[in-house]
Amino acid sequence: MDFSFQDLSGTFSVADIAIAMSLSFVLSAMIGWVYRATHRNVSYSQSYVQTLVILGMLISLIMLVVGSNIARAFALVGALSVVRFRNAIKETRDVGFIFLVMGVGMAVGTRFYLLAVVAAVAISLIIMIMHRFNWFQLNVRRQVVKVQVPADEDYTAVIQDVLIRHTEEFELVSMESIRGGALTELMYTVKIKKGSEPADVMAALRERNHGQSVTVLTGYDQSDL
């Protein structure tokens with residue numbers, strides 16, 4: 001009994017389909033676990049990881065369908081071009097994982113099984129090593145300071161005098177008129193000096209802005225990303 005399927009792209013058997021689907025699932029699931037184990041931020045999404053697994057298997061299926069048929073490949077590109085994705089990628093590393101499962105899926109779908117396994121394992125190990133040893137970390141702690149001042153005077157020099165005493169460096173990010181022009185909101189990114197606390201900065205600024213609102217948004221270490 002012949003279980004092969006003959007089409008314009010060539011011949012592939014039931015065994016080819018089973019191997020491609022099974023291997024792409026195993027490798028994509030492994031990449032999903034690596035993503036879960038190395039994720040550090042609060043933006044973790046179970047749906048995203050499940051999508052990685054589905055995407056790896058889907059790319060394998062697409063490569064089986066396309067085969068070596070150039071016309072079918074262009075037709076597929078045209079069909080997929082109508083798809084629009086509205087969800088924004090929260091982290092740049094998420095894009096890397098998407099391309100990783102796509103690459104593995106393409107290798108499996110074109111029957112480069114050994115290449116797919118070696119690449120998936122090697123890249124996953126590199127990701128785990130970078131996570132374990134905190135490669136490329138930058139320990140910079142920053143805060144965002146928002147200060148509201150009356151709009152009838154220029155308080156920039158007064159505010160900067162406080163920031164010079166309490167911060168190692170600061171930068172004016174924006175200046176916005178609020179409450180119908182009655183107030184001006186100044187926004188700075190700052191690096192607070194050792195020995196100073198956000199509460200100290202807030203107290204000093206309140207003494208200078210006539211009791212208007214002062215907000216300090218505490219930052220994070222880059223290594224926590």
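Which helix holds I126? I126 sits in helix 5. The model is predicted.

**Annotated spans**
- The UniProt record, an unreviewed entry, places the feature "transmembrane region" at residues 12-35, 47-71 and 112-133.
- Residues 12-35 are 92% helix and 8% strand. The end C-alpha atoms of residues 12-35 are 32 Å apart.
- Residues 112-133 are 91% helix and 0% strand. Their end C-alpha atoms lie 32 Å apart.

**Nonpolar cores**
- The largest nonpolar core has 19 residues. L27, I31, Y48, F97, V104, V108 and A116 have the most contacts inside it.
- A second core is separate and has 16 residues. V162, L186, V190 and V201 are among them.

**Contacts of V108**
- V108 touches A20, L23, S24, L27, S60, Y113 and A116, leaving aside neighbours within four places in sequence.
- Two of these partners, L27 and A116, are also listed with V108 among the core residues with the most contacts.

**Surface patch**
- A nonpolar surface patch covers about 880 Å².
- V117, V121, L125, I126, I129, M130, F133, W135 and F136 make this patch.

How values were computed:
Residues numbered from 1 in each chain as written. Predicted model: local features only at pLDDT ≥ 70, side-chain atom pairs only at ≥ 80, totals over all residues. Heavy atoms only, no water. UniProt positions renumbered as here; feature names shortened; annotations may be inferred. Helix = DSSP H or I, 4+ residues; strand = E, 2+ residues; numbered from the N terminus. Core = buried A, V, L, I, M, F, W, Y, C linked by side-chain atoms within 4.5 Å. Buried < 20%, exposed > 50% of the residue type's maximum accessible area, 1.4 Å probe, protein only. Contact = heavy atoms within 4.5 Å. Patch = residues over 30% accessible without salt bridge, like charges linked within 9 Å, V, L, I, M, F, W, Y side chains within 5 Å. Areas by Shrake-Rupley, 256 points an atom, 1.4 Å probe, with all protein chains shown as cover. Salt bridge = Lys/Arg side-chain N within 4 Å of Asp/Glu carboxyl O.
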